[in-house]
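Please look at the sequence and the model shown below before reading on. The report after it starts from one residue and widens step by step to the whole chain.

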Amino acid sequence: LRIAGRGLPDRAPGIYMKLAQVYDKRGDAENVRKCLETAKQVGLAVGPRELSRDQRAFYFDALKRLADLADQRDDPEAAIAELRQYQEDGGPAVLE
């Protein structure tokens with residue numbers, strides 16, 4: 001899947017989110033975080049507004065999950081940065 005993610009950047013957020021799910025089921029928190037970060041980076045490289053609707057949803061989900069992970073490790077600056085990115089890129093959900 002990683003090879004597909006590199007070769008298909010316009011589909012990569014969804015691919016890396018799927019990988020994150022697999023790692024999450026295996027209890028591999030570090031690789032979950034890496035996959036979420038990669039989904040974010042690819043989304044930024046392609047341009048969030050250039051992603052298809054389904055890929056944009058995966059991108060926004062990655063940002064929200066990264067914010068949650070930062071909050072869990074008591075890193076409010078990182079959590080705020082992820083949520084700020086979410087809002088700036090036009091995330092559809094109201095943030096609490």
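Which residues does Ala 67 touch, not counting residues up to four places away in sequence? Ala 67 touches Ala 79, Glu 82 and Leu 83, where contact means heavy atoms within 4.5 Å.

Some ground rules come before the rest of the picture. This is a predicted model, in which local features need pLDDT of at least 70 and side-chain atom pairs count only at pLDDT 80 or more, while totals for chains, interfaces and linings use all residues. Residues are numbered from 1 along each chain as its sequence is written, and side-chain values use heavy atoms, with hydrogens and water left out.

## The chain as a whole

The secondary structure of the chain consists of five helices and zero strands, and from the N terminus on the elements run α-α-α-α-α. Helices here are DSSP runs of H or I with at least four residues, strands are runs of E with at least two, and both are numbered from the N terminus. Of the 96 residues in the chain, 38% are buried; the word buried stands for a relative accessible area under 20%, exposed for one over 50%, and partly exposed for values in between, with a 1.4 Å probe and protein chains only. Among contacts between residues at least 6 apart in sequence, 51% join residues at least 24 apart.

Ala 67 lies in helix α4, which covers residues 53–72, and with a relative accessible area of 4% Ala 67 is buried. The C-alpha atoms of Ala 67 and Ala 78 are separated by 6.9 Å, although these two residues are 11 residues apart along the chain.

Glu 82 has its place in helix α5, residues 76–88, and Glu 82 counts as buried because its relative accessible area is 9%. When its neighbours within four places in sequence are left aside, Glu 82 is in contact with Glu 37, Lys 40, Leu 63, Leu 66 and Ala 67.

## How the helices pack

Axes are lines fitted to C-alpha atoms, for helices over the stretch in contact, and angles run from 0 to 180 degrees between N-to-C directions.

| Helix pair | Axis separation | Angle |
|---|---|---|
| α2 and α4 | 8 Å apart | about 45° |
| α3 and α4 | within 9 Å | roughly 135° |
| α4 and α5 | within 7 Å | roughly 165° |

The crossing of α4 and α5 is left-handed, the crossing of α3 and α4 is left-handed, and α2 passes α4 in a left-handed crossing. A crossing is called left-handed if the near helix is turned anticlockwise from the far one by less than a right angle, and right-handed if clockwise.

Where α4 meets α5, the α4 residues include Tyr 59, Phe 60, Leu 63 and Ala 67, and the α5 residues include Ala 78, Glu 82 and Tyr 86. By class, this contact of α4 with α5 has 10 nonpolar, one polar and three charged residues. Ala, Val, Leu, Ile, Met, Phe, Trp, Tyr, Cys and Pro count as nonpolar, Asp, Glu, Lys and Arg as charged, and the others, Gly among them, as polar.

Where α3 meets α4, Val 32, Leu 36, Lys 40 and Leu 44 are among the α3 residues, and Tyr 59, Leu 63 and Leu 69 are among those of α4. The contact of α3 with α4 has nine nonpolar, one polar and four charged residues.

Helix α3 (residues 29–46) has 18 residues and reaches 26 Å from its first C-alpha to its last, close to the 26 Å expected at 1.5 Å a residue; the expected span is 1.5 Å times one less than the number of residues. The buried residues of α3 include Asn 31, Cys 35, Ala 39 and Val 42. Gly 47 follows α3 and has a positive phi, near 105°.

Asp 74 lies in the loop between α4 and α5, and at 67% relative accessibility Asp 74 counts as exposed. Its phi is near 60°, a positive value in a residue other than glycine. Most residues other than glycine have a negative phi.
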